[in-house]
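Thanks, everyone; before I start talking, please take a moment with the sequence and the model on the screen.

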Amino acid sequence: MLGIWGMWGAMTDTTAEVLSTGHAARHSPPLVGPAPVIQIVPLKGLPIVAVLIAFLVASIGFNWQWGLDFNHVAGGGLWTGIDLFVGLVVGPILGRLSIPARAEFSARFMPKMVLLMPTLVAMTLASGFQLALDLGNLKASSPNHSWLIFSFVVVGVMAVIALALLEPANLAVLFEMRKPRPNGEVIAKLMKRFIYAAGITGLMQVATLIIMTRVASQ
Amino acid sequence: MNELSPQTRAQETSGQRFAPVAEVGAAALVLIVIGGIYMASYAPRRAPLGPPIGLTIASATLVLANLVMLARTKGFAWDKFFLVGRWTLLSYVVAAGLIEFAFVKDHTSGGPLVLITAMLVLFAVIVPLIISFTVARYQSSEAHL
């Protein structure tokens, strides 16, 4: 999730500025102005997620070709596009905003990502596997077989990074930011995870684009 | 004034007093993912079950070790752990159920289905464990003097 990473890189800058004040960083409110109110899971979005998941299940259950294509193309396109857009466009812009603006943006943006990204990932992967089975791309005799195995490995690496590093850190930061006095050091430590993983996940997204266009053109 | 030495602050921030639950959980997740990729790479044929069974047993062992370590943890924000844990567990049980549904739909049965179910159960436990532990460790009172 390069996008999240780019943005959190900006948040790390925020933390660095906060920490540069020394003692005050630990015992003063690290964010200027009133702390943003953060709803960790936007409840209003849950019905939309439920509809999309029901659509995904129906597409797989009825082997609905258009539904599978829609889930895979729309989900995959948005997943990759959001990652790259947020990482390369939103992240640098965010890094130039004032600290309160960054905090307010993040407080509103990150909870939406908590719902959006897992939904897009589920749409993409579940429909993708079903499509690969239906189209025969998983058969050992298929010219796409080795490419798909490679894509499994890429997705596996991304899944481990997302589930074991990104999502826990994302939620931990949101919980930290909900405190009246967020601990800048904790946020900085969690942001480091994002920065180190950003390079890996960015490469994975580019690799996914190469694999999928290769598969589609054979 | 609550002045703290850099070392003490680093220890607090890193949460070093807690057992490596997240790290062990990540290792267990890696084993499950490798097993899943191994089995998926054989689809639609039936994969040899030996390697994924070994990986699943190894992963389950790590999860059990993790639960033991977690039970022994002191000064932990258990309220936050269970708050985050129950919702993430619900979320990942649904996700695992979706994956199971896809395999059943594709006529997976017998040993492979049992193995996939075991892997999905582990998946549905490991991820919430990592997430809720990570949130709770930084919510624990010791980490915020």
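Which residues touch the most other members of the largest nonpolar core? They are Ala28(B), Leu29(B), Ile32(B), Phe123(B), Ile126(B) and Ile130(B), out of 75 residues in that core. By nonpolar core I mean a set of buried Ala, Val, Leu, Ile, Met, Phe, Trp, Tyr and Cys residues joined through C-beta atoms within 7 Å, where buried requires 20 or more other C-beta atoms within 10 Å of the residue's own, with C-beta atoms placed from the backbone.

A word on conventions: this is a predicted model, in which local features need pLDDT of at least 70 and side-chain atom pairs count only at pLDDT 80 or more, while totals for chains, interfaces and linings use all residues. Residues are numbered from 1 along each chain as its sequence is written, and chains are lettered from A and ligands numbered from 1 in the order in which they are written.

Two or more residues of the core come from each of α3 (46-61), α5 (99-135), α6 and α7 (184-216) of chain A, and from each of α2, α3, α4 and α5 of chain B, the helices being DSSP runs of H or I with at least four residues, numbered from the N terminus. The most is given by α6(A), with 17 residues. As for Phe123(B), if we leave aside its neighbours within four places in sequence, this residue is in contact (C-beta atoms, placed from the backbone, within 7 Å) with Ile32(B), Tyr92(B) and Ala96(B).

Turning to helix packing, α6 (residues 145-177) of chain A and α5(B) have axes that come within 9 Å and cross at roughly 35 degrees; axes here are lines fitted to C-alpha atoms over the stretch in contact, with angles from 0 to 180 degrees between N-to-C directions. That crossing is right-handed, meaning that the near helix is turned clockwise from the far one by less than a right angle. Among the residues making the contact are Leu163(A) and Phe175(A) of α6(A), and Ile130(B) and Tyr138(B) of α5(B).

Within chain B, the axes of α3 (residues 50-71) and α5 (residues 110-139) come within 10 Å and cross at roughly 30 degrees, this time in a left-handed crossing, with Ile126(B) of α5(B) one of the residues in the contact.

Finally, the interface: 30 residues of chain B are in contact with 29 residues of chain A, and on the chain B side the largest share, nine residues, comes from α2(B).

Note on methods: Contact = placed C-beta atoms within 7 Å. Buried ≥ 20, exposed ≤ 12 C-beta atoms within 10 Å, placed from the backbone.
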